[in-house]
Amino acid sequence: MGETAPHIAPRLTRTVVLIGMMGAGKTAVGRALASRLGVAIRDSDAEIESRSGLSIEEIFNRYGEGFFREKEAQVIARLVEGDPAILSTGGGAWLDPGTRATLTGAAAVLWLKADIDLLWQRVKHKDTRPLLRSEDPRATLEAIHDARVPVYALAPHVVEVDPGWSIEDTTDAVLAVLQDVGAVEPAG
């Protein structure tokens, strides 16, 4: 009997940034991608919280969104440097034109596009979404969605998330796009 060759993972050639609405699957798919590709996952919000000693909500409350977005842009610019990795950003990071330029210049940016019904199914029972603490969280989610979709549509690459897909299915679709655009080289 011959020996089987060890499994060789595809190789990431540049940092990958998943953007999209809360509930689209950025964190879960990002973790699955990082695991499959054997690369680090970096999280801009976690980095901001670690460096400041404050939660994102506390930063917003104390210093305002403008201050937060300025710090977020600085952290993201630093996180896209170095070895290719998966970069997780908050849903609003892509809305800033400067951050968008940094990301598109240094990373493969992919929008996880999910319809409002799927997003609502995924977030309606979670109390960890400060933006949805409102009288009508579904209407709030729809308003945020409607405002952000035209900006998310500026992403160079898109995967439309099928409601029936698992995390692995979505990860497969993302990997296929990343291979098509040369951000991932096939296992060899």
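Is R69 buried or exposed? R69 is buried, with a relative accessibility of 18%; buried means under 20% relative accessible area, exposed over 50%, and partly exposed in between, for a 1.4 Å probe and protein chains only.

The model is predicted, so local features need pLDDT of at least 70 and side-chain atom pairs pLDDT 80 or more, while totals for chains, interfaces and linings use all residues. Residues are numbered from 1 along each chain as its sequence is written, and side-chain values use heavy atoms, with hydrogens and water left out.

Stop one: helix α4. Select residues 65-79; helices are DSSP runs of H or I with at least four residues, numbered from the N terminus. R69 forms a salt bridge with E65, with 3.2 Å between the closest N and O atoms. A salt bridge here is a side-chain nitrogen of Lys or Arg within 4 Å of a carboxyl oxygen of Asp or Glu. E65 and R69 are about one helical turn apart because four residues separate them in helix α4. E65 is partly exposed at 43%.

Stop two: R36 and E168. Their side chains form a salt bridge of 2.5 Å, N to O. This pair links distant parts of the chain, 132 residues apart: R36 is in helix α1 (residues 26-37) and E168 in helix α8 (residues 167-180). Both are partly exposed, R36 at 29% and E168 at 42%.

Definitions and conventions. Helix = DSSP H or I, 4+ residues; strand = E, 2+ residues; numbered from the N terminus.
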